[in-house]
Amino acid sequence: MSIQTKVDNIIKTLGSINIQDFIELSNFDDEGFYNLKNVSKISKNGHFITSPEITPLFGYSLCNQFLQAFKNISKVHLLELGPGNGTLLHDIYKYLSNQNIEITQISILEKSKYFKRKIKDKNLFEINFLNDLSDLKVNSDEILFVYSNEFFDAISSKQYVFENKDFNEIKITKIDNSYTLINESSLLSKFLKDYYSEYDFQNGDILEHSNYLVSLLQDLKSILKNKFFFTATDYGYDKLPKKSTLRLISRHQPVALFDKFDDVDYSFGVNFELIMKTFEKFDPVIISQENLIKTFLPKNFHNNDDTESLKAIEIISGKSFSNMGRLFKNISFYLK
Ligand SMILES: C[S@@+](CC[C@H](N)C(=O)[O-])C[C@H]1O[C@@H](n2cnc3c(N)ncnc32)[C@H](O)[C@@H]1O
């Protein structure tokens, strides 16, 4: 059954579907974008491209960022969040192994059955596929290296609009056979006003909030107890933009909501302020992806004459990356 038929059935039964449920269905249903079989997703021939799919230099820069903080290490446990094709995992494994660092365990949090299968088929080494972060088992002699690229932007949010001192939830319904957005009063309005109390909302402002993201960050916090390094790169904002950050991409082209229902990737701008606040005791640092590459690209790749590599470095530095330029940021923190 197509995604559109499933959406129509929900609207027929419940009257409407909220934005988060709509996107979860579109991304992660068996027929959803991330589970569709035999459809290339993250590649030049797929729907969008990510830094690790452009060049291994992105992964090498993350390794170097980690190794600048942790010198003389021997055993590392890799934990990747949302690895997709598994290309970054491969690059990081290769770089660290070449530095004579032993990768003692590899753990992965990946929701898509399609990508899990792909990673299983591609890799010779054993991988712990986690259903939940609390399943992670770190040995006392391991340093946990947690990293992600464009993982948090794939986590869907609900959307609310501020109207007459309350947050109303934005939902999708059908009127006269056309899809329409409607605003419904929400029991979460008071909670949201308290949670975002330092912001001054005006009528018409939009708030994106995901309980799932809040609890995922808490789960992460509870596993970051001993020696670890965390680095996440994503596109997002430091202050709430108070407008929709929802993006729809199909075959490298932006599409509008309801233009098409199948074979579309949905993503949101990431709330870096929330991540920063959750982990403030570790003094997180946020830098642009451009600075990440400038600062941490290993020295031996700096004076490169190879035009392919130079072009790749320029792209992942954000100069011409999916029109998103400097919106890509990196957050990192650690405990020694
Ligand atoms: C935009 S893709 C990025 C993939 C890869 N990191 C890259 O840079 O090419 C987002 C990835 O996060 C995964 N993902 C999204 N939500 C997830 C969740 N709640 N739990 C685990 N994985 C999730 C998706 O299946 C996908 O692999």
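Helices (H or I, at least four residues) and strands (E, at least two) are DSSP runs, numbered from the N terminus. The model is predicted: local features need pLDDT of at least 70, side-chain atom pairs count only at pLDDT 80 or more, and totals for chains, interfaces and linings use all residues. Residue numbers start from 1 along each chain as its sequence is written.

Phe258 sits in the loop between β12 and β13, and His252 in the loop between β11 (247-250) and β12 (253-254). A residue counts as buried if 20 or more other C-beta atoms lie within 10 Å of its own, as exposed if 12 or fewer, and as partly exposed in between, with C-beta atoms placed from the backbone.

The domain assignment, automatic or from a database, gives domain 1 (3-31 + 158-208) and domain 2 (51-153 + 210-240 + 269-335). Taken over C-alpha atoms, the centres of domain 1 and domain 2 are 31 Å apart. Five residues of domain 1 are in contact with four residues of domain 2, contact being C-beta atoms, placed from the backbone, within 7 Å.

Within helix α2 (residues 19-28), the buried residues are Ile19, Gln20, Phe22, Ile23, Ser26 and Asn27. Viewed down the axis of α2, these fall within an arc of 160 degrees, so they line one face of the helix; the arc is that of the directions from the helix axis to the C-beta atoms. They pack against α1 (3-14), β1 (17-18), β6 (158-163), β7 (166-175) and β13 (265-267).

The largest nonpolar core has 72 residues, and those with the most contacts inside it are Cys63, Ile92, Phe145, Phe228 and Phe230. Such a core is a set of buried Ala, Val, Leu, Ile, Met, Phe, Trp, Tyr and Cys residues joined through C-beta atoms within 7 Å. Helix α4 (residues 57-69) supplies the largest share of this core, seven residues. At least three residues of the core come from each of domain 1 and domain 2. Leaving out residues up to four places away in sequence, Ile92 touches Gly59, Leu62, Cys63 and Leu78.

Around the ligand there are 19 residues, the closest being Thr50, Gly82, Gly84, Lys111 and Ser112; a residue is included if its C-beta atom, placed from the backbone, lies within 6 Å.

Key. Contact = placed C-beta atoms within 7 Å.
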